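Reader: I am new to this structure and would like to learn how to read it feature by feature. Could you take me through it, giving the general idea before each case?

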Amino acid sequence: MKVAVLVKYVPDPDEPWSFRPDNTLDREAMEGRLSELDEYAVEQAVRLRESGVADEVVHVTVGPAEAAGALRKALAIGGDSAVHVVDDAVHGSDALGTSLVLAEALRRVGADLVLTGMASTDAEMSVLPSMVADRLGVAQATFAGQLDVDGEKVSIRRDTDAASLRVSAALPAVVSVTDQAGEARYPSFRAIMTAKKKPVETLTVADLGVDPSRIGLAAAAVSVLDISPTPPREAGVVVVDDGDGAQRVADFLDSRGFI
Amino acid sequence: MSAVLVLAEATGSGVRKATFELLTAARRLGEPRAVVVGEAADDVVAALGEYGATTVYAVPAPEARQDLSVPTAEAVVEVARRVSPVAVLLGSGPLGKDVAGRVAVRLDSGIITDVVDVGLDGDAVVATQSIESGLFAARTKVLRGPAVLTVRPNSIGAEAASTTTPTVETLDVSFSDVARAAHVDETSPKAGTGRPELTEATVVVAGGRGVGSSDGFTVVEALADALGGAVGASRAATDSGWAPHDLQIGQTGITVAPNLYLAAGISGSIQHRAGMQSSNTIVAVNKDPDAPIFSIADLGVVGDLHSVLPALTDLVRERRQ
């Protein structure tokens, strides 16, 4: 079974975001890394490879040249190869455009199972897995806290706030993995070195047969009008508990009508 | 007036508060019409009417389970094709996100997630999001297709409208093979706690690493009960097994925006703050004077939550009598 993992190169969480004049994120100007939530998906793919359920794991990303670093990190956790779609035409794509490019990359890879994180840590939309699955015409099982795969189907535990469900989907399928699934292993030095030698195929949008008029900022179905800083919360009061801490809070809650 | 579709969600206890929030938001854009997957029971229809739904589209086929994403998406797409709404509003939980994604692809529509406000700019739908852990507000206009929007809970307060009795239309939808390719094999409903649901509560008391143990959580629970609130937890606490994962507040858990958020033993990482910084009033108790949570708290107490919380609980109970 061939497993593909969709990964994303995102801004380093400690760095403030910078925006371009067209209101897009300036991904090239910022330090970036493999989205932390994608590591859970990478780890699940690697476990499937180790157990023999999968015989090949390919990591796939669309992003600027720097996104290659995210692929190397994923390969260091495990996996056989990667595909990197790099093309200026992708800049400013909305979810429709991004899902189109990813779906075509996946079609070319030909995976039986596609794993993704539950959301990217920058846009945090959580909708790409469903959009990609729809474009590929395959089933989905999303927000998996745990998954089991056999040759024909994937079975997941999906937790909602009302219930815990077991959902199964026939393969081929797209499965998104939450942070409740196992932590990704910390790559050994040897794994990092080996990852540098694993093949990474670089593709353009033309290589995928994607019509450039369907992607990029000009094709987007949404347009960001403005981005403005949120007024910071007014600084509050900090007191040290000298035995009166509870009293201070009680008085405060009283004054605000909570008691 | 243009129609606005709202995907209604209901549990055993009735229509979810988030659905009433969607209907309220829908009224800012046009005429709200609800989509119900499964049977549209009379009490559900009446409740939807109280929040302004003029029509309820019921899709009752057996494949159309409310908890399966693809049949639900296909049901919504079918209604949207018939009704040509200006927008489709959904919740921001797993189901809402899954359905929104597929609907956006099928209708070739602009999609905006976790919106905190909606409005019209001429004929175009404009939505506001809180981005980069609440540091920025982004306003985005939909250029194409019915605007597919998922709405963050507790951002647009639910407001009842003058009660209408909605017309109910039942639709037969033929579902694709892909819709039939997934099954729910088992459902384990979560046990009710008797406390308000976290996403709906007006008061939340949350415990973090400082709580120290499962037993330690009883002081958090006691204060929540005294204030009539819900119990939440940081990821550190749930990862340590001191509280169930479905109480986790933060980037990978639940986002809340209650009137009062009391953080006990929570340092306040960016990932945690992403889940609660829109709370109206924030109180923090932490041993560490440098804990980042103090920078967003209206009142911070540097101290041991194991002594502050029980004392506070007693004071609250006294004053409430």
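Author: Let us begin with what a contact is: two residues are in contact if their C-beta atoms, placed from the backbone, lie within 7 Å. Please keep in mind throughout that this is a predicted model.

Reader: How should I read the strands, and which strand of chain B pairs with β9(A)?

Author: In general, strands of a sheet pair through backbone hydrogen bonds, either parallel or antiparallel. Here β9(A) pairs with strand β12 (residues 182-189) of chain B in the antiparallel sense, over seven bridges, and within β12(B) the residue H183(B) is the bridge partner of S168(A). Another pairing between the chains joins β12(A) to strand β9 (residues 136-142) of chain B, where the two run antiparallel and are held by seven bridges; in β9(B), R139(B) is the bridge partner of D226(A).

Reader: What is the order of the strands in the open sheet that β12(A) belongs to?

Author: That open sheet has 10 strands, in the order β12(A)-β9(B)-β8(B)-β7(B)-β10(B)-β6(B)-β1(B)-β4(B)-β5(B)-β11(B), and its pairing is mixed. At the edges stand β12 of chain A and β11 (167-170) of chain B, each with a single partner strand, so one side of each is left without a neighbour in the sheet. From one strand to the next, the twist averages 30 degrees.

Reader: Turning to a helix, how many residues of α3(A) are buried?

Author: A residue is called buried if 20 or more other C-beta atoms lie within 10 Å of its own. By that criterion α3(A) is mostly covered, with 12 of its 15 residues buried, among them L96(A), L100(A), V101(A) and E104(A). The length can be checked too: at 1.5 Å a residue, the 15 residues of α3(A) should span 21 Å, and the C-alpha atoms at its ends are 21 Å apart, which agrees. Just after α3(A), G110(A) takes a positive phi of about 70 degrees.

Reader: And which elements of chain B do the buried residues of α5(B) pack against?

Author: The buried residues of helix α5 (residues 217-227) of chain B, including F217(B), V220(B) and L223(B), pack against β13 (203-207), β14 (230-233), β15 (260-264) and α8 (305-320) of chain B. Just after α5(B), G228(B) takes a positive phi of about 70 degrees.

Reader: Into which domains is chain B divided?

Author: Chain B is divided into domain 1 (3-181) and domain 2 (203-320), and the C-alpha centres of these two domains of chain B lie 32 Å apart. Six residues of domain 1 of chain B are in contact with nine residues of domain 2 of chain B; the residues on the domain 1 side divide into no nonpolar, five polar and one charged.

Reader: Finally, what does chain A contain as a whole, counted in helices and strands?

Author: Chain A has six helices and 13 strands, and of its 259 residues 51% count as buried. Taken along the principal axes, the C-alpha atoms of chain A fill a box of roughly 65 × 45 × 40 Å.

Note on methods
Residues numbered from 1 in each chain as written. Chains lettered and ligands numbered in written order. Predicted model: local features only at pLDDT ≥ 70, side-chain atom pairs only at ≥ 80, totals over all residues. Pairing = 2+ DSSP bridges. Helix = DSSP H or I, 4+ residues; strand = E, 2+ residues; numbered from the N terminus. Axes fitted to C-alpha atoms, helices over the stretch in contact; angles between N-to-C directions. Expected span 1.5 Å × (residues − 1). Domains from an automatic or database assignment. Nonpolar A, V, L, I, M, F, W, Y, C, P; charged D, E, K, R; others polar.
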